[in-house]
Amino acid sequence: MRQLALKQYTFKYGRGKVNFEVDSDLVIGELTIKDMPVLADPEVAILEAIRNPIGSKPLREIVKPGETVAFIVNDPTRVANSHVFMPLLLNELNAVGVPDKDMFVIFSLGTHRLMTEEEMVEAVGPEVAKRVRMYNSDCRDESQFKYFGTTSRGTPVYFHKLVAEADHIVCTGSVVHHFFAGYGGGRKAMLPGVALYETIRKNHSMIFDPNAVIGRLHGNPVYEDQVEGVEMCRPSFLLNVVLNEKKEFLKVFAGDYIQAHLEACKFVDEVYGVKVEKEADLVIASCGGYPKDINVYQLQKTMDNAWCAVREGGVVIILGECEEGSGSALYEKTMQQHRTPQAVEEALRANFQIGAHKAYAVTRLMKKAEFILVSGLDPELARTLLFTPAKDINEALQLAYEKLGPRPSITLMPQGSLTVPLAAAHCK
């Protein structure tokens, strides 16, 4: 009888970790981000970037004393280590005569929930929180927004009044792949970050376009519409970072909000892009732990990457704690009303809504493979969302083996939300 070559693996799950064993002889691939050197001194790199920017004057030459500055900063679902660079940005402008009272932070929430005071302080650090005012952007409060015009694709452009009325806008954030906008970062700090719900809804309704895919900007209607809208209220400067899975700095990009972002995207491809040589029967993927698995809304990004690596009719096991549940009441309601992927798509095409769009983003993937979810969700809710629930990784593996047989080919994705199989044609 053949001896199993059992090997133990440890994947992140929520704020902890999960251990499991599989036969290493069955593993045909372990998709991980490229091992890149971290910045020895991130603060030095940040200052170097803002003083020698891409396609732009240095920040200190752009802002003059007496002018106001809006810093757009990520919310907790998108880690950027804002607490490291925000003090440096404030200090850089202090040095040329711009006082703290003329600067403020607004968080790029898009359609996400409002942040608490404690979350704001944690995001930018206690020093910055004491020095400048901090605001949420509530996309559903129309009184907070100013109209700028309509894009050629029909998107009405509204940005937060505080941002619109500032003399200068500085976009900050991190750059990763995005499942239908191509890449995060750049213009997304503003749209969807500090835009009105209707602006975001109309822009995101282009998700059905075949060019609205991960890793593509040129020809992607979502991206091009975002840039057209942001050009109506053009940011003065950009600071974007690229981090590794440990949230360590790999590189800093600063300058023109389009040009610097494009350079960051090239680097993201270099770090996170992997080629899927062969689709596996079974893919086991972790979102990378908290906050990337804070809810199903965020977990879907890992599903997209795993989907690229699994064969038609295969199985994907997703490890995602989802401590905040589905992440959207409208997503849940949509799934309660529409019980198949096709029904969801038809409903969304007829009436596109943010939150409900996540139902489409998730269920379109389920046409190719079964998704077994190891999470803290109520099993009935998981089933409503069309997942197969499992109480732990061992039950998930048992369910997978029952469907696929005892010796499926396996691909492991310990950093599922960070690894994008770029060259897999079947992803498009």
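## Basis of the description

A residue is called buried when its relative accessible area is under 20%, exposed when over 50% and partly exposed in between, with a 1.4 Å probe and protein chains only. The model is predicted, so local features need pLDDT of at least 70 and side-chain atom pairs count only at pLDDT 80 or more, whereas totals for chains, interfaces and linings use all residues. Residues are numbered from 1 along each chain as its sequence is written, and side-chain values use heavy atoms, with hydrogens and water left out.

## Helix 8

Helices (H or I, at least four residues) and strands (E, at least two) are DSSP runs numbered from the N terminus. In helix 8 (residues 221-230), 8 of the 10 residues are buried, so the rest of the structure largely encloses this helix. Those buried residues are P221, V222, Y223, D225, Q226, V227, G229 and V230.

## D256

D256 sits in the loop that links strand 13 (249-255) to helix 9 (259-272), and it counts as buried because its relative accessibility is 9%. Leaving aside residues up to four places away in sequence, D256 is in contact (heavy atoms within 4.5 Å) with I54, G55, S56, R234, L238 and H261.
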